[in-house]
Amino acid sequence: MNKQQQQRIINLQGTYNFREMGGYETQDGKKTKWSTIYRADELSRLSEEDLEILRSFNIKTIIDFRAFEETEKVPDRKPTTVQKVFNIPIVFGSMEFLIKNIEKTGEKLMMQINSSAIEEAQNQFKEFFKIISDSSNLPIVFHCAGGKDRTGIASALFLSSLGVDREIIYKDYLLTAELIQKKYFSLMEKNPKLAPGFTVKREYLGSAFDTMESKYGGVESYLTKQLGVDLQLMKSIYTE
């Protein structure tokens, strides 16, 4: 983990994977803006001290990719600055289904999940970009449960829309593997066969990029034609 990656990590008591999306270089020589958009894991365990920190960030909008069952069971704790909450559920199947199949197929299942999301969650990602393309919603936090799969793909699409280099996007994605080890340590210690489902690997995100390349003519084409993203607008909001 380099110095800039450490700078992006927001150390909160109730989360493992809350991060800044600012400071990434783009291919046209700009950088993504700090203090505008954040990625995270679940926010249900935020302490009062955590909420105070997020209040100081003036967080205005939360986007939650978890299923309704997840949000009802473990609802977010929100700082008082939050004015809007959008639940955009992306569902990969029940936890029972995932556990059963991850034991059988391991990494292949995670690659399939990432690939399937590109095809099957287009409406959700379209809604995600609609929300983040409205500058009146800033600053924004988007998250799921672990901040790794649904949030990981959304982060990759977001950075891609700004012209961030693919290798930098992979580094942002893989940082999750370090941050969530403690979150899932006891679970993986009890059942090591579940390990592929509670981390991230380059191949997982690679399968999402491969699907965009093979079926939609590339990432930029996928963003503009399938999701309706205005790339110039995104760059005007999130780069400087």
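Student: Which side chains meet in a salt bridge at 2.7 Å, N to O?

Tutor: Those of Arg39 and Asp172. A salt bridge here is a side-chain nitrogen of Lys or Arg within 4 Å of a carboxyl oxygen of Asp or Glu. A word on the source: this is a predicted model, where local features need pLDDT of at least 70, side-chain atom pairs count only at pLDDT 80 or more, and totals for chains, interfaces and linings use all residues. Residues are numbered from 1 along each chain as its sequence is written, and side-chain values use heavy atoms, with hydrogens and water left out.

Student: Where do Arg39 and Asp172 lie?

Tutor: Arg39 is in strand S2 (residues 37–40) and Asp172 in helix H8, so the pair ties together parts 133 residues apart in sequence. Helices (H or I, at least four residues) and strands (E, at least two) are DSSP runs, numbered from the N terminus.

Student: Is Arg39 buried or exposed?

Tutor: Buried means under 20% relative accessible area, exposed over 50%, and partly exposed in between (1.4 Å probe, protein chains only). Arg39, at 0%, counts as buried, and Asp172 does too, at 2%.

Student: Which salt bridge does Arg202 form?

Tutor: Its partner is Glu167, with the closest N and O atoms 2.6 Å apart. This pair links helix H10 (residues 202–216), which holds Arg202, to helix H8, which holds Glu167, 35 residues apart. Arg202 is partly exposed at 36%, and Glu167 is partly exposed at 38%.

Student: Which residues are linked in a network of salt bridges?

Tutor: Asp41, Glu42, Arg45 and Lys183. Within it, Asp41 and Lys183 form a salt bridge with closest N and O atoms 3.7 Å apart, and both residues are buried.

Student: Back to H8, please. How do I read its packing against H7?

Tutor: Two packed helices are described by the angle between their axes and the distance between the axes. Axes are lines fitted to C-alpha atoms, for helices over the stretch in contact, and angles run from 0 to 180 degrees between N-to-C directions. The axes of H7 (residues 150–161) and H8 (residues 166–179) come within 10 Å and cross at roughly 155 degrees. H7 and H8 are therefore roughly antiparallel (angles over 145 degrees).

Student: Which residues of H7 meet H8?

Tutor: Gly152, Ser155, Ala156, Leu159 and Ser160 meet Ile169, Asp172 and Tyr173 of H8, where contact means heavy atoms within 4.5 Å.

How values were computed: Angles under 35 degrees count as roughly parallel, over 145 as roughly antiparallel, 65 to 115 as roughly perpendicular and the rest as oblique.
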